[in-house]
Amino acid sequence: MANEQCCANAPTLSSTCGAGHVEEFGGLKTYISGRSDSKLAILLVSDVFGYEAPNLRMLADKCAAAGYLVVVPDFLHGDPFDKSNPNRTFQAWSDAHPIDKVTETAISVVEALKAKGVSTIGSAGFCWGAKVVVKLGHHPYINAAVLLHPSFVTLDEILAVKVPISILGAENDQISPPELLKQFGKALEAKKEVDCFLKIFPGVSHGWTVKYPSDDEEAVKRAAEAHQDMLDWSAAWFKSTVVMKLIIPAICCIMCCPQCCENPPVLSSSRGIGHEEEIGGLKCCVIGSPDSKPAVVLASDIFGPYYPTHILISQLRDANYPILKVMMLRVRKLADKVAAFGFYVVVPDFFYGDPYIENLERPLLVYMIDHLPVVNVGKLEMKQYWSSAVEVPISILGAEIDPISPPQLLKKFAEVLKAKPEVDGFVKIFPGARHGWTVWYKDEDAVAVKLADEAHKDMVDWFVKYVQ
């Protein structure tokens with residue numbers, strides 16, 4: 001079972017390396033890095049040399065800097081493989097650490113993460129550790145998996161994976177050669193229900209992502225490329241897990257795209273003709289008669305329904321926002337417009353006075369997870385829809401220029417809705433409009449105001465038709 005590549009280039013282990021710390025977690029000594037209150041976590045499963053490998057801990061710190069809580073447990077219980085010990089073969093060491101037993105322990109770590117409030121978990125395994133991650137992926141213990149130069153993984157085990165999986169392999173790998181990995185990729189592509197990604201790195205050998213000399217610039221560069229691929233895969237699937245799926249009138253979707261954060265408005269707690277009151281435990285801007293039977297809830301974009309008075313506009317300047325380009329908030333003015341048609345309109349502060357402000361120490365992805373829609377909207381006790389099986393009449397108004405929800409995607413939505421005769425659907429793509437055009441416009445721009453007004457009228461018409 002042993003292979004020279006698996007045991008080659010053993011790192012010099014250190015119990016004190018890394019920017020994080022070691023504590024007992026899930027019943028194991030664990031290297032932990034990142035925000036303890038993050039709802040996104042990455043579980044790293046080491047190779048045969050264990051959790052004290054400096055390059056592995058450095059990678060954990062890199063993931064933590066991207067906003068994740070990262071845990072690297074000592075699944076080997078202080079017993080990493082020691083190639084210098086002639087009295088203990090690799091097989092004897094492996095028998096002392098059976099994969100199934102390690103997987104059971106890994107499940108306990110996952111449960112410990114969930115117990116502390118983590119909602120989304122990805123796992124990456126290196127060499128020997130990749131087999132553990134594959135086993136985790138056989139059940140919904142994790143949300144995404146990454147295998148880096150996997151060892152001893154079989155095709156049957158790959159076929160049993162039920163979560164999105166990325167496989168990063170080496171061109172020079174005797175344990176999992178490119179031919180085998182291509183078989184894995186072909187088998188996964190045939191499973192339409194599982195998303196996959198396969199990449200074979202030219203010119204590298206098994207173990208290149210964690211067993212590289214820090215003074216070899218080219219080796220560091222190649223490892224960093226794999227690390228970035230791992231982070232990109234995790235981010236992509238974490239975002240898809242937490243993206244808002246509530247079918248209530250929404251002005252903007254929350255996604256990690258620059259266009260989503262362009263042109264932040266100058267926010268005001270006094271704008272609009274309504275008043276503020278607490279509903280369902282949330283501070284809300286309320287417009288219209290409370291005696292009205294039909295009601296409309298408007299969910300703002302990431303800048304919230306108003307700007308907390310205790311946060312000064314100077315913070316926008318400190319965050320390098322182009323103040324000359326910022327626009328007045330339109331959500332509450334739109335609420336006034338909807339209320340004029342006889343609706344009772346509620347604009348809740350789903351962000352609890354914490355609108356998004358660009359901050360390098362708090363990336364947008366972290367901000368999104370801090371404000372999971374399932375938590376905040378649940379306080380209003382509104383009916384929620386968490387799948388593509390929409391059961392209410394739905395109107396989708398999109399922009400021609402929108403990398404977040406491009407016209408091609410919206411057209412697919414239209415096709416799906418058309419195939420459901422029991423649900424009325426309407427999809428309209430506004431030519432020349434950009435993402436956010438319904439609320440991010442300037443009064444002096446007549447064309448922009450006209451485009452926004454057209455969308456507002458379409459929205460109100462839909463409500464009048466189905467809510468009244």
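In this predicted model, C127 counts as buried, because its relative accessibility is 2%, which falls under the 20% limit used for that word. C127 lies in the loop that runs between strand β5 (120-126) and helix α5 (128-136), and its phi is near 55°, a positive value in a residue other than glycine.

**A second residue with positive phi**

- N9, although it is not a glycine, also has a positive phi, in this case of about 50°.
- The place of N9 in the chain is the loop between helix α1 (4-7) and strand β1 (21-25).
- N9 counts as exposed, because its relative accessibility is 57%, and the word exposed applies to values over 50%.

**The nonpolar cores**

- The largest nonpolar core has 48 residues, and among these I158 and I165 are the ones that touch the most other members.
- Helix α4 (residues 99-115) supplies the largest share of this core, namely seven residues.
- If residues up to four places away in sequence are not counted, I158 touches V134, L147, V153, I165, I167, F184 and L188.

Definitions and conventions
Residues are numbered from 1 along each chain as its sequence is written. This is a predicted model: local features need pLDDT of at least 70, side-chain atom pairs count only at pLDDT 80 or more; totals for chains, interfaces and linings use all residues. Side-chain values use heavy atoms; hydrogens and water are left out. A nonpolar core is a set of buried Ala, Val, Leu, Ile, Met, Phe, Trp, Tyr and Cys residues joined through side-chain atoms within 4.5 Å. Buried means under 20% relative accessible area, exposed over 50%, partly exposed in between (1.4 Å probe, protein chains only). Helices (H or I, at least four residues) and strands (E, at least two) are DSSP runs, numbered from the N terminus. Contact means heavy atoms within 4.5 Å.
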